[in-house]
Amino acid sequence: ATTHSYWKSAQAGAERAARELGVNLEWQGPLDDSKVADQIGIFNNLAASGLDGVVLAPCDDRALVSHVRTAVRRGLPV
């Protein structure tokens, strides 16, 4: 839910930490927690894009299990 104030605060902290650590941060998420299919699409696109790792806060942990397992089997830290 990228529009929620909690996630805006989390994003600001993550961006600050990324700057301090000298890493690139790609922040994406669905507009609200009910958009599970959107989050699955975002995750799959990111997982296929060649990133070094993904930090995930799933809208629905069960819906993303198979997608995360596939990414991990391919060597992507999640």
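Reader: What makes the pattern of this protein α-α-α when read along the sequence?

Author: In this predicted model, the protein has 3 helices and 0 strands, and read along the sequence these give the pattern α-α-α.

Reader: How do you know that the radius of gyration agrees with that of a compact globule?

Author: A compact globule with 78 residues would have a radius of gyration near 12 Å, and the protein has 13 Å, so the value agrees with that expectation. Along its principal axes, the C-alpha trace spans about 30 × 30 × 15 Å, and residues 24 or more positions apart account for 44% of the contacts with a separation of 6 or more.

Reader: Why is the pair R16 and E20 called a salt bridge?

Author: The closest N and O atoms of R16 and E20 are 3.8 Å apart, and the cut-off asks for a side-chain nitrogen of Lys or Arg within 4 Å of a carboxyl oxygen of Asp or Glu, so the pair qualifies. By this rule the count for the protein comes to 1 salt bridge.

Reader: How are R16 and E20 placed in helix α1?

Author: Both belong to helix α1, which covers residues 5-21, and because they are 4 residues apart there, about one helical turn separates them.

Reader: Why is E20 called exposed, and what is R16 called?

Author: E20 has 62% relative accessibility, and since exposed means over 50%, E20 counts as exposed. R16 has a relative accessible area of 49%, which lies between the 20% limit for buried and the 50% limit for exposed, so R16 is called partly exposed. Of the 78 residues of the protein, 18% count as buried.

Notes. Residues numbered from 1 in each chain as written. Predicted model: local features only at pLDDT ≥ 70, side-chain atom pairs only at ≥ 80, totals over all residues. Heavy atoms only, no water. Helix = DSSP H or I, 4+ residues; strand = E, 2+ residues; numbered from the N terminus. Rg over C-alpha atoms; globule rule 2.2 N^0.38 Å. Buried < 20%, exposed > 50% of the residue type's maximum accessible area, 1.4 Å probe, protein only. Contact = heavy atoms within 4.5 Å.
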